[in-house]
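The chain fold and the contact between chains follow.

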Amino acid sequence: MRMKPPPDVPGVKGSTATEDLLRGIWKENPTLVLLLGMCPTMAITNSVSNSFAMGVITGFVMILSAIVVSTIRRVVTHEVRVATYILIIATFVQLADILSEAYIPDAHKALGAFIPLIVGNCLVLGRQEAFSSRNTVWRSTLDGIGMSAGFTLGLCLVGTVREILGSGTWFGLRVMPPNFEPWVIMNLPPGGFLGFGLVLLALAAWNQRRMRPAPARIVIEPAHAQRSASTAAVAMGSAR
Amino acid sequence: MRTHVWIFLSAMLVSNFTLVMFLGLCSFLGVTNKVATAIRLGLADTFVLIITSISATILNKWVLTTAPYLRIVSFIIVIASMVQITEMAVKKWSPTLFRELGIYLPLITTNCAILALAIFQTNRGYGFAEGLTFSIGAGAGLTLALILMASIREKLELADVPAVAKGTATVLFIAGALSMAFMGFAGLMSAT
């Protein structure tokens, strides 16, 4: 995994509790902006219900780990911190694995090996290292809730694209017209890459449209004028 | 012998860890800019996979029989310490190799492919020899995927990609195409 430091230093004195909560949902969305925790984003997003279950289970692990890590943040020495965090996360993942097997067996079966693999999710460890290890319990909890919500949102977005195109349904409900031929490829492994690629592409296009710089047009103009002049010349030539 | 060949091919091609099972995507998307780096990372991954497979077999046989609920915790501890020991050993015996691998060596700890190998091996009930074949196959598949991706991305440097699609989106579409190509190997399954 890559421990990518978040764009702004977390735990800045100026940031309020609301900002801690909202940061993960949009501005630093873990899936769509930070690109953390990619494996589940592509592996289990073949339906919205799976994506949602995965988001909730990851959130369970992340929030509880954030609480424990921020509680013991002054006790843990710098050298052994990552090992300690991994151990805490692994404990909660094991708990989540057992609990989900007991209470939501269908989701547990569908997600398979990807529940134990939450341990290796860069997002969970990354937030402990970047935020919970330096902030109070309350703010770490808020950050955990925000990041989990953002992660679930990202997963569900990819899941929506894949399920609508791949099976013509959304959350099990039929949304496409009956003569729609499902794109089977979106349910298969390549669909994970393609579906997430489509979501990122749409997001980039939207960002570009929103933040299109005004001077760009002035730069384009001479080239445009030149081209139209040359096409005019060609047209004239052909006319002649 | 036939079983071993089949385990190897299945781990390397039919259910390729990166392109079909979506494991170890962080390094797959993050550090595949150069072929040389990709090869080195692939070999380091393979080495750690082999060590993990051996440790997982030992743990399953003698430690986890009485306490299966400690599986995830004990696997991750063993993997983390194994990577740490490997790192120290490499640093001591071959400083050149250590410098070449750089940051990738410690990062292997949280590569989910490593933990997944230990879990799959346990779930499928592989013994020592089968586990070893499985880990070598998985490592070969990982290296193959990394090299393929890095070669395409080296060529992509010169291509004219629309500004919107630059970056991760393009890489994901390439990965999708590679993944589609690897789905063709599913035909091997019916051959045996």
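## A buried loop residue

B:Phe22 is buried, having 28 other C-beta atoms within 10 Å; a residue counts as buried if 20 or more other C-beta atoms, placed from the backbone, lie within 10 Å of its own. B:Phe22 sits in the loop between helix H1 (2-14) and H2 of chain B. Although B:Phe22 is not a glycine, its phi is positive, at about 60 degrees. Most residues other than glycine have a negative phi.

## Basis of the model

The model is predicted, so local features need pLDDT of at least 70 and side-chain atom pairs count only at pLDDT 80 or more, while totals for chains, interfaces and linings use all residues. Residues are numbered from 1 along each chain as its sequence is written, and chains are lettered from A and ligands numbered from 1 in the order in which they are written.

## Chain A

Chain A contains nine helices and two strands, where helices (H or I, at least four residues) and strands (E, at least two) are DSSP runs numbered from the N terminus. Along the sequence their order is α-α-α-α-α-α-α-β-β-α-α.

Of the 240 residues in chain A, 43% are buried. Among contacts in chain A with a separation of 6 or more, 77% join residues 24 or more positions apart; a contact requires C-beta atoms, placed from the backbone, within 7 Å.

## Contact between the chains

The contact takes 35 residues from chain A and 32 residues from chain B. On the side of chain B that touches chain A, helix H2 (25-30), helix H4 (71-93), helix H7 (112-123) and helix H9 (168-183) of chain B each supply at least two residues. H9(B) gives the most, with nine residues.

Technical notes
Two residues are in contact if their C-beta atoms, placed from the backbone, lie within 7 Å. A residue is buried if 20 or more other C-beta atoms lie within 10 Å of its own, exposed if 12 or fewer, and partly exposed in between; C-beta atoms are placed from the backbone.
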